[in-house]
Amino acid sequence: MSMILSASVIRVRDGLPLSASTDYEQSTGMQECRKYFKMLSRKLAQLPDRCTLKTGHYNINFISSLGVSYMMLCTENYPNVLAFSFLDELQKEFITTYNMMKTNTAVRPYCFIEFDNFIQRTKQRYNNPRSLSTKINLSDMQTEIKLRPPYQISMCELGSANGVTSAFSVDCKGAGKISSAHQRLEPATLSGIVGFILSLLCGALNLIRGFHAIESLL
Amino acid sequence: MRALYPPCHCVLTWPFLGPAQNQMQVPSGYGLHHQNYIAPSGHYSQGPGKMTSLPLDTQCGDYYSALYTVPTQNVTPNTVNQQPGAQQLYSRGPPAPHIVGSTLGSFQGAASSASHLHTSASQPYSSFVNHYNSPAMYSASSSVASQGFPSTCGHYAMSTVSNAAYPSVSYPSLPAGDTYGQMFTSQNAPTVRPVKDNSFSGQNTAISHPSPLPPLPSQQHHQQQSLSGYSTLTWSSPGLPSTQDNLIRNHTGSLAVANNNPTITVADSLSCPVMQNVQPPKSSPVVSTVLSGSSGSSSTRTPPTANHPVEPVTSVTQPSELLQQKGVDSSSTTSSASPMPNSYDALEGGSYPDMLSSSASSPAPDPAPEPDPASAPAPASAPAPVVPQPSKMAKPFGYGYPTLQPGYQNATAPLISGVQPSNPVYSGFQQYPQQYPGVNQLSSSIGGLSLQSSPQPESLRPVNLTQERNILPMTPVWAPVPNLNADLKKLNCSPDSFRCTLTNIPQTQALLNKAKLPLGLLLHPFRDLTQLPVITSNTIVRCRSCRTYINPFVSFIDQRRWKCNLCYRVNDVPEEFMYNPLTRSYGEPHKRPEVQNSTVEFIASSDYMLRPPQPAVYLFVLDVSHNAVEAGYLTILCQSLLENLDKLPGDSRTRIGFMTFDSTIHFYNLQEGLSQPQMLIVSDIDDVFLPTPDSLLVNLYESKELIKDLLNALPNMFTNTRETHSALGPALQAAFKLMSPTGGRVSVFQTQLPSLGAGLLQSREDPNQRSSTKVVQHLGPATDFYKKLALDCSGQQTAVDLFLLSSQYSDLASLACMSKYSAGCIYYYPSFHYTHNPSQAEKLQKDLKRYLTRKIGFEAVMRIRCTKGLSMHTFHGNFFVRSTDLLSLANINPDAGFAVQLSIEESLTDTSLVCFQTALLYTSSKGERRIRVHTLCLPVVSSLADVYAGVDVQAAICLLANMAVDRSVSSSLSDARDALVNAVVDSLSAYGSTVSNLQHSALMAPSSLKLFPLYVLALLKQKAFRTGTSTRLDDRVYAMCQIKSQPLVHLMKMIHPNLYRIDRLTDEGAVHVNDRIVPQPPLQKLSAEKLTREGAFLMDCGSVFYIWVGKGCDNNFIEDVLGYTNFASIPQKMTHLPELDTLSSERARSFITWLRDSRPLSPILHIVKDESPAKAEFFQHLIEDRTEAAFSYYEFLLHVQQQICK
């Protein structure tokens, strides 16, 4: 069964949640995905403006524009086109309802939680595809997605094991924004290991030499 | 639990500390603590709450997936309120600045509102600072002065001096390019720049970039408020990243735990709007009828196939001595397990990471730099004298009770001595530190010595109880004020929110045991407040090890560091905290509102949320069996709801739903777009399912018309019902399923014993035993069905409120469990009938008005912290204990009270003050996550006399009442009664042994305890505990429920009502309230001897008023106030005072109105004629008189005396 499970609106600059759907699902997979939501929201600024993250049975899609990102969670078999047109609809409504100044200056999390009403209704509509088909023109979205497919975030990027952030500057070029290169700790190479051992050896030798020098002085 | 923390602390070298302090151990590795902290709660998932595995949902889901239908409603974009947050914020503040801020839209408006919010509290402090500014005072304090903050004043002096160097500079904390910038252009941009201090430069550059875009005035509203509430986007301060890191760790840890939850998926996102086609699973008929007139009962109803009687599982726990403090083992003790290990505890923050190591880490008074051997009052008093003579006691430790107040010295002084020399900024200060500790302790001991000759405090005056005829004072009894110095007194938490049974905390458990008094806290955390500082801040400043919120009782070591008053850890002051938006000055962290008010509310960041803030969701579950229809409550309820529909707290997301039940369960589809409400009947009560999960809880504003239609139709829909059964259990299960996706409030109206399906109950009351003096049985629940259900609800953030309106026994003891454990509330209307019992009907109406419109907080947790050395062990109230010190409250309402029992684990010799802090994290009805923090500070004393001097007798009685309720459920009523009597006997005999010079034949009590025997006697005659008088079991259980959940003020009225004579009200001593003159008649003691036939008396029992009119009452009074010509013409049932245009009528009414206004539930007035049968109701409250089954007050005193002499 394919359906949209939840959606949220997040400010790109600092990952502040602005609104979210509050019809809480309780399954364990969902809890996992909510974790990804959090992780993603922290790195929105470095990600391209249309992305997909596949996490097992669920997909997370999001789009960003004008400093606000719209994120949604759906089952893995939910059509991509529908997902992005859902996000598009959220975006249009959000932009018309709340002016940018307000979203930029919001400090409290979930300032615009009342947008939930709209998310809720749109979600219900999209979860019921037969009612939907008459209302939106999917072909435009289809071509747009074909031309500019969403950037696929891989799990390892998200994990960002030891660096501050992961380096996805390499692959995101095609998808839009070019994020700056990031430093990242990498496992030592063979030459590195050899160099390290040699320098250790030299250090030890110098130490011994030093001792001998002191002895000779005394 | 504490043993679970591994003693992990590592040696840290603090950059700011001098070399002498380098070896100080500080607990770190904080994240590690938390992971350990979480682990046990995961284990709890094995605990209770595994009931109701619901295979049904999946059936439902699959089933509906086959029946996908096409809804045709149009989705129109709703117009969402533009300013939700701002209005919410403003509504807390005083109204005047609100108007200013919103109309002018200028920065000044917002600033004035902010300053207005805090003016009252900041005044004391401003004088305080002046005091420290003057060097003369400074030297004076180092020579003799015994009070105040001698050790810290130096810092304040320094800080003001450093400010004086650039006086007009203010550092609004702004990120560059932020739109706030424009607002600051009206103000002088700071041009003077502290060149010396590098750390300031960042802020200056931030200010110098005002954004070119001024916000529109209308939109500015919210920004200003948030700005005035110190919302600033921050530069990272040294303390900040690590705190956030901790929170993140907590969070991820918590999520991992939450994954293990056995949770329930409700297939609620399926939409099946067309119900007529539905073929229900398992052949249970789902009948869809359209509500029109009195239809709805024509549907086919299948009888239940099988009942599942649930075996009573009552856990019997061992009785324990009430005053031993070791836990009357009730369900509310800390050992209870968690059904849903949601990790709110991790969100709100853990408790002490390591008690053992903290003694090393906390800088205890360091004797090394202390040159004065004659000082140190605290350690000397550790072994308390066994039987100290009053005269002897006075000498060494300053018996001078009234002003013995060492203040902060013990805590702060030694540290400063180590810190100061290494801190270059405060170079001018260096010459002093060596003197400090010695001087402080010397001065305090001088203070003590000088007070030796001072008169004995009033609270210690011995009172001979048997001789004193009028023990009750003429004026209401107020809470004793803790014996703190003037500054702390002003800052301390209001006794209305936070009280301790002993306002002087004994130093050791041994001393406490010797005093034989209960130690505990009485809380009213969510009380309606008229003034509450609301703080929006990026970083909520908290102690890094014990997570205490910064409060007025912390000490600032210097401008950059503060010391926690609960665990004594030294923390950094975040950069943001240095800026004071109130004065718009920089570098005065001690003037921030958090440090100026002991009750504050923070707007929480998203770190304090596990999920987006839930909407306000209200579900009404209504009994519509024959019994209920006969009682006629539906009319009143629907009328109240219709009147208050717009006043229900909530935002535009508010949802509402209705269910009714008799032997079947009826749902109401109220989805907008329908022409009228649809009733859906589910008759399979053994396997309840939700027919249309999506459209049963609907948006209040979108479906308002349908809701109104339903409410208008409901009272008449079931008029001809013949159904007498009640399937409450299945209805509650359905309600739980309906609520579990969001959480919220379920209001259950029940009128009889549930007789069908899960949770059915049998009558357990034997009417012949009602007045038995021996054993009162069945005070505990008959089944654990309701408790399990409540725990499940609590796990899904749902509270169940019970309105029981029954004329017969309904086993409240079992039913009440559904509210007790889900943090709900219980209302009981015995023998309710809308025409036969108009006073009950009126009471229901008034209660409902309050209930529907009062504030409400959702998905709340409350944690109580106290100074290291004290520990909490038993909690009282309606909640679920999720971990040792975390109370899970699915809902919090302003009328809920709590109590906590305390014990002293480590002696408190190295501190002179202890603090208690409650933090209540909740989601407001407007979808804001907020934290309300109360902090109470109390002195520590070392002598028994001081302990007695500080007894808060009302708090003690309320705590004892709570303990006695636990005892009567876990053990027996007679045990509880004995324990209450023993509490008096023990404490008075313990007092008697301290004052040996008095004659032993008399029954002596300190003045602070003089009301103790009276109140205990009142308790023994209270409905909850009385024996020998006919008391219906439900009445008794309800009284017990009230004792557990009422806040202190209301509970005291219930225990000991106030009696006034009102036929001769004069303006003597009257007070003026809102242009009204309110007479203040003296309190009368509760004895028939005070009642004269010539008078009229008002008795204020909290939830009910009685006016007793004597037979020979002056006809003038009857005519002027009651509006009748003579005594004989007064009707039997009179519940209102007529509005007559006479002076005495005006006085009486203004007095009663004044009494009413002081409480949330407006009480019902009964006018009782001397001859009417209702007078028994009145006379049962005259507790000083002898009844056939109980002592009079004097007899009780003799009994106590006898026990003491034994």
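Chain B exposes about 42,400 Å² of surface, of which carbon and sulfur atoms supply 54%, the areas coming from the Shrake-Rupley method with a 1.4 Å probe, where for residues only the protein chains shown count as cover. This is a predicted model, in which local features need pLDDT of at least 70 and side-chain atom pairs count only at pLDDT 80 or more, while totals for chains, interfaces and linings use all residues. Residues are numbered from 1 along each chain as its sequence is written, chains are lettered from A and ligands numbered from 1 in the order in which they are written, and side-chain values use heavy atoms, with hydrogens and water left out.

Of the 1206 residues in chain B, 64% are buried, that is, under 20% relative accessible area with a 1.4 Å probe and protein chains only. Among the contacts in chain B with a separation of 6 or more, 79% link residues 24 or more positions apart, a contact meaning heavy atoms within 4.5 Å.

The secondary structure of chain B comes to 38 helices and 37 strands, which are DSSP runs (helices H or I, at least four residues; strands E, at least two) numbered from the N terminus. Five of these strands form an open sheet of mixed pairing, in the order β34-β31-β35-β36-β37 of chain B. Because β34 (1083-1084) and β37 (1164-1169) of chain B each have a single partner strand, they stand at the edges, with one side of each left without a neighbour in the sheet. Strand β31 (residues 1058-1061) of chain B pairs with β34(B) in the antiparallel sense over two bridges, pairing requiring that DSSP finds at least two bridges between two strands; here Tyr1060(B) has Leu1083(B) in β34(B) as its bridge partner.

Elsewhere in the chain, β25(B) is joined to β26(B) by a hairpin through two residues.

Note on methods. Buried < 20%, exposed > 50% of the residue type's maximum accessible area, 1.4 Å probe, protein only.
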